[in-house]
Structures are given as C-alpha cells and as structure tokens.
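Please walk me through this structure.

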Amino acid sequence: MSDPLVFQMGEFPAEFPVELQYARNHMWAELRGDVYRFGFTAYAVRLLQDVYFLDWNFDAGVDLQPQQELGSIESKKAESSLYAPLGGKLTLFNEQLMADPSGINLDKYGDGWLFEIHPADDNTATDLMNAAEYLVDLEDVWKITQRTIKGQLS
Amino acid sequence: MGFPVFISLGQSHHPAKRELEKEIAGQLHQHPDFQVTMLTNLYDLKPNGPAIEALRAVEGEMVVFSWNYQRAAHWILDRNDIRGSVGEVELQPDSGDDDDELEDELEEDDGEQVPRVLDGRPLPDRQIYCVNLQSSSSAEDFIEEAERIAASSLGQWIQGDPSEEQLDRFRNPINDTAQGPGSLPPTIEEENGRRWYPVIDFSRCTNCMECVDFCLFGVYGVDRAETILVEQPDNCRKGCPACSRVCPENAIVFPQHKTPAIAGAPVNVGGLKIDLSLLFGKPEAADVAARERDEQLMLAGRAPVDSDEQPLEKRQLGKPAGPADELDALLDELETLE
C-alpha cells in the first residue's frame with residue numbers, strides 16, 4: 001500500500017488512497033470484478049460531517065443514466081440529493097447504512113461504501129480519475145466550495 | 001392502565017429528532033396516566049408484526065406520535081385494521097399560513113356532496129389521535145397535547161360516569177407511581193427494511209378507480225364489495241408517487257414523499273396561494289404521472305406506454321375539465337380573496 005495523497009481543506013488533511021479511482025461528484029470507485037463499488041471521499045465526508053439519514057429512490061437492479069438522481073442524504077451540516085457517478089446497472093446498495101448511516105463516518109473507504117454499479121460500457125470508466133487527477137480537480141473545487149458555503153451562511 | 005400512547009421512531013439518526021422522541025417517551029412514561037410504548041417506524045411495520053398487534057389490541061382511544069402527517073398516520077393504521085374516527089389534534093405543523101379562518105371557510109365551501117368510500121363504512125366508536133412529531137421541537141408541547149387529548153376524551157376512556165373528584169384526580173395526578181427519571185417505556189422493535197407503498201385516505205376516496213387503471217404494477221385491487229384497496233403494497237415501485245398525481249381527490253398518500261401534498265399534508269394547505277406554474281408551462285399532473293410510470297416500467301424492464309397513442313382514459317367524463325375551467329376557477333379564487 002502506498003501512502004495516500006493529501007489535500008489540505010483549511011486545517012483538515014483529507015486523504016485519498018492511490019489504489020482507488022475518483023468521480024467528479026466526490027465519490028471514490030473501486031473495481032471489484034466487473035462492478036465498481038462507490039463511496040464518499042474524505043472531501044465529501046468532511047463537508048457532510050455526521051450523517052443522520054440516507055435514502056435511495058429505488059431498489060437495486062435498475063439501469064441508471066449518468067447524473068441520474070439516486071436519493072438523498074441528511075447530515076449534521078448539510079442535506080443534498082445524490083446522483084449517479086456513472087451510467088450502468090445499479091446492482092447493490094449497502095444495506096448496513098439503511099439501519100445506521102454513521103458507517104459512512106466511521107469507515108468511508110471501507111464498510112461505509114454506498115453502492116455498486118455495473119458500468120453501461122467500458123468507456124464509462126474513463127470518466128473516473130486517479131487520485132492525482134482528483135487532487136488537481138479539487139484545487140478549483142475547493143475554492144468554489146468555500147464560496148458556496150460562505151454564500152449560504154451569510 | 002393509563003391512556004395508551006404509541007411513539008413511532010423515525011428513520012433519521014438526527015440527534016435532535018432522537019432526543020425529542022426520547023424526551024416525550026420518558027416524560028409520558030413517568031406520567032401515571034399514560035401507558036407508553038415505543039415502536040419502530042410506523043410506515044415500515046410488518047402487517048402482522050408485534051407492533052401492529054399491540055396497536056390492534058387497543059380497543060379505545062389512543063394517541064399515536066409519528067413523523068408523519070396526521071392523515072398519513074391515520075390511514076396507515078386504518079389499512080392495518082386499526083380503525084376509528086380522526087381525533088382532533090390541536091398541535092399541528094406550521095403550514096406557514098396563519099389565515100386559518102379563511103382556510104376553514106374554504107374547506108366548508110368545498111361542499112360538493114360526492115359520496116366517499118368512508119360514508120358506507122361504519123367506524124368503531126372511538127377516536128384515534130395521530131400527532132405529527134414535526135409539529136414542534138419542544139417535548140413540552142407534545143406532553144401538553146397528550147394531556148389535553150386524554151382529558152378531552154375522558155368520557156369515552158373512563159367507562160361509566162366519572163365524578164368531578166375522579167376527573168380532578170386524573171387532571172392533577174399525584175406522581176406516586178412515577179418511574180425513576182430517565183427511564184424509558186418498552187420498545188417493540190422490528191427489524192424491518194424500508195417500505196414504499198400508497199395509503200388511501202377513504203374520507204376522500206370516491207372509488208373512481210383511476211388509480212387501479214393507472215398503476216401497471218398490480219398494487220391496487222378491489223375487495224368483495226368492489227371497493228378499491230391497496231392489495232399488494234410491496235409491488236409498489238420505490239420512489240414512484242405517480243398514482244397520487246392522477247387521483248382526482250388527492251386521496252392517495254405516500255407518507256415518505258418529499259412533497260407535502262403527496263405525503264398527506266392537510267389538503268387545503270397551500271390552496272390559498274395561486275400557483276400559476278401550470279399556466280406558465282409546467283407539465284400537467286397527468287403528464288408527470290405518465291412519465292413517472294414510464295420510468296418505473298423501464299426500470300422494471302418493461303415497455304413504456306405511449307401516452308399519445310393511449311391517452312389516459314378519464315373515468316369521470318361527466319366532470320368538467322380542461323384548461324378553461326381551471327383558469328375560471330383560478331380567477332374565481334382571486335376574486336374571493338379581494
């Protein structure tokens with residue numbers, strides 16, 4: 001295991017394992033056989049903080065368009081709709097999180113995974129970034145995020 | 001035995017919500033006049049599980065606290081054969097509309113006498129008080145409401161004819177049977193997954209059968225008296241509220257839906273504000289419903305219905321409909337407001 005890459009969110013060091021791939025909507029992806037398993041990155045979890053409620057709009061087994069609305073999340077700091085990181089068949093939701101979504105906070109890169117998608121075609125995987133590319137993306141995103149948060153607070 | 005109170009715990013792990021549930025449960029549990037039971041989320045309960053059995057075992061009046069609109073909770077219970085008339089609950093969520101009198105008036109004006117399913121269905125002689133936990137963030141408000149309900153329904157609850165002295169003892173209890181502080185009432189826990197299904201408000205349903213025609217997943221059926229019922233609730237497609245949009249009487253409730261009108265908010269809430277979005281190009285409810293149903297059909301690997309070739313057939317052809325009438329109604333509403 002190589003050391004994870006680190007992005008500094010103010011004082012907070014967000015870590016990103018180099019073994020994983022990353023989607024623009026701040027989910028990590030791990031290829032397991034022919035499906036990708038997704039979860040929230042340290043960046044997302046830091047913004048959300050304690051997760052109180054997670055709900056999906058449908059049961060597993062459905063075909064998704066990229067960016068299709070999947071469900072919603074409520075946490076200490078935010079609430080948001082959630083969207084598909086890539087198109088394909090959603091094969092599995094992490095049922096453990098339905099009873100207790102705090103698994104997302106406890107083990108975001110492990111037991112706190114969200115769902116698995118069988119990609120629609122091989123090309124979709126090229127939408128995913130490696131950790132270094134994600135970090136470059138975050139440089140810009142972090143500025144926008146701060147503006148968004150400040151805008152909503154004032 | 002105290003006055004039966006049930007507290008249905010929400011799905012959210014929000015500490016404020018959890019705390020509110022616990023505080024209400026704890027305080028009422030210490031109150032000698034209440035018999036409190038906590039339940040897992042009312043909507044997700046198994047049809048013949050222990051929690052439903054406990055609710056069924058109550059023959060008289062009861063209070064049910066849950067994170068649902070009163071209409072939603074009442075008709076969830078009714079579907080499980082826990083029946084009674086709707087008890088008047090004073091503590092209601094803030095609808096953001098203080099003009100209650102006008103609202104009441106409008107409700108009465110809506111006096112078109114259409115027979116409802118409930119008219120032909122006698123209810124047991126008791127009231128069920130479903131209190132929405134979203135109505136306040138203060139446990140005190142809920143305790144007071146429970147006390148008010150228990151006091152106002154004393155007549156039915158205490159069999160016979162209580163003397164003034166007895167009533168007084170009820171209203172001002174000596175707390176000698178109270179439990180220690182912090183103790184909580186028993187909880188009936190069920191390991192249920194989340195469910196998703198429609199709940200019919202039979203005080204509004206006219207048995208028009210639009211829903212049974214519309215739903216292609218076999219959720220609806222009819223009983224021996226040819227009355228509509230939610231026959232196969234778990235055939236319902238998670239997240240799809242389409243049938244509630246086609247219901248002409250707003251009688252179909254999806255308690256967990258984000259939109260208050262679909263989740264069972266009082267039917268006239270928001271009715272005062274004129275929503276012109278239909279005139280400005282918002283798709284008609286029927287179109288939204290057809291699109292939602294098509295999405296679900298495709299998700300289930302079935303062919304969508306071509307709405308242009310097979311337009312939604314209207315059962316209620318006698319009723320005037322169409323954009324002109326809607327506009328007329330809007331203008332009328334504007335005039336009455338002036």
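How many salt bridges are there over all chains? The count comes to 19. Keep in mind that this is a predicted model. Side chains of opposite charge can pair when their charged atoms come close.

Take one pair within chain A. The side chains of D137(A) and R24(A) form a salt bridge, 3.0 Å from N to O. D137(A) belongs to helix α4 (residues 131-153) of chain A, while R24(A) sits in the loop between β3 (21-23) and β4 (27-32) of chain A, so the pair ties together parts that are 113 residues apart in sequence. D137(A) has a relative accessible area of 18%, so it is buried. R24(A) is at 54%, so it is exposed.

Now turn to a group of linked charges. E30(A), R32(A), R37(A) and E116(A) are joined in a network of salt bridges. One link in chain A is between the side chains of E30(A) and R32(A), at 3.3 Å from N to O. E30(A) is partly exposed, with a relative accessible area of 29%. R32(A) is partly exposed too, at 36% relative accessibility.

Strand β5 (residues 35-40) of chain A runs antiparallel to β11(A), and 3 bridges join them. Here R37(A) has E116(A) as its bridge partner in β11(A). R37(A) and E116(A) are also both members of the salt-bridge network. Strand β10 (residues 88-93) of chain A is likewise antiparallel to β11(A), joined by 5 bridges. L92(A) stands opposite E116(A) in β11(A). In a regular strand the side chains alternate between the two faces of the sheet.

D111(A) lies in the loop between α3 (103-106) and β11 (115-119) of chain A. D111(A) has a relative accessible area of 60%, so it counts as exposed.

Next comes the contact between chains. Chain A brings 18 residues to it and chain B brings 11. The area buried between chain B and chain A is about 1,200 Å², and carbon and sulfur atoms give 47% of this. On the chain B side, H13(B), R194(B) and K238(B) supply 49% of the area that chain B buries against chain A, more than any other three residues.

Which charged pairs cross between the chains? The count between chain B and chain A is 3 salt bridges. Among them, R194(B) pairs with D55(A), with the closest N and O atoms 3.1 Å apart. The side chain of D55(A) also meets that of K238(B) in a salt bridge, at 2.9 Å from N to O. D55(A) lies in strand β6 (residues 51-56) of chain A and K238(B) in the loop between β9 (228-230) and α9 (242-246) of chain B, so this pair joins two chains. Both D55(A) and K238(B) are buried.

Between chain B and chain A, 10 residue pairs are in polar contact, both residues being at pLDDT 80 or more. The side of chain B that touches chain A has 2 nonpolar, 5 polar and 4 charged residues.

Key: Residues numbered from 1 in each chain as written. Chains lettered and ligands numbered in written order. Predicted model: local features only at pLDDT ≥ 70, side-chain atom pairs only at ≥ 80, totals over all residues. Heavy atoms only, no water. Helix = DSSP H or I, 4+ residues; strand = E, 2+ residues; numbered from the N terminus. Buried < 20%, exposed > 50% of the residue type's maximum accessible area, 1.4 Å probe, protein only. Contact = heavy atoms within 4.5 Å. Buried area = accessible area lost by both parts, 1.4 Å probe. Salt bridge = Lys/Arg side-chain N within 4 Å of Asp/Glu carboxyl O. Polar contact = N/O pair within 3.5 Å; in protein donor to acceptor, adjacent residues only side chain to side chain. Nonpolar A, V, L, I, M, F, W, Y, C, P; charged D, E, K, R; others polar. Pairing = 2+ DSSP bridges.
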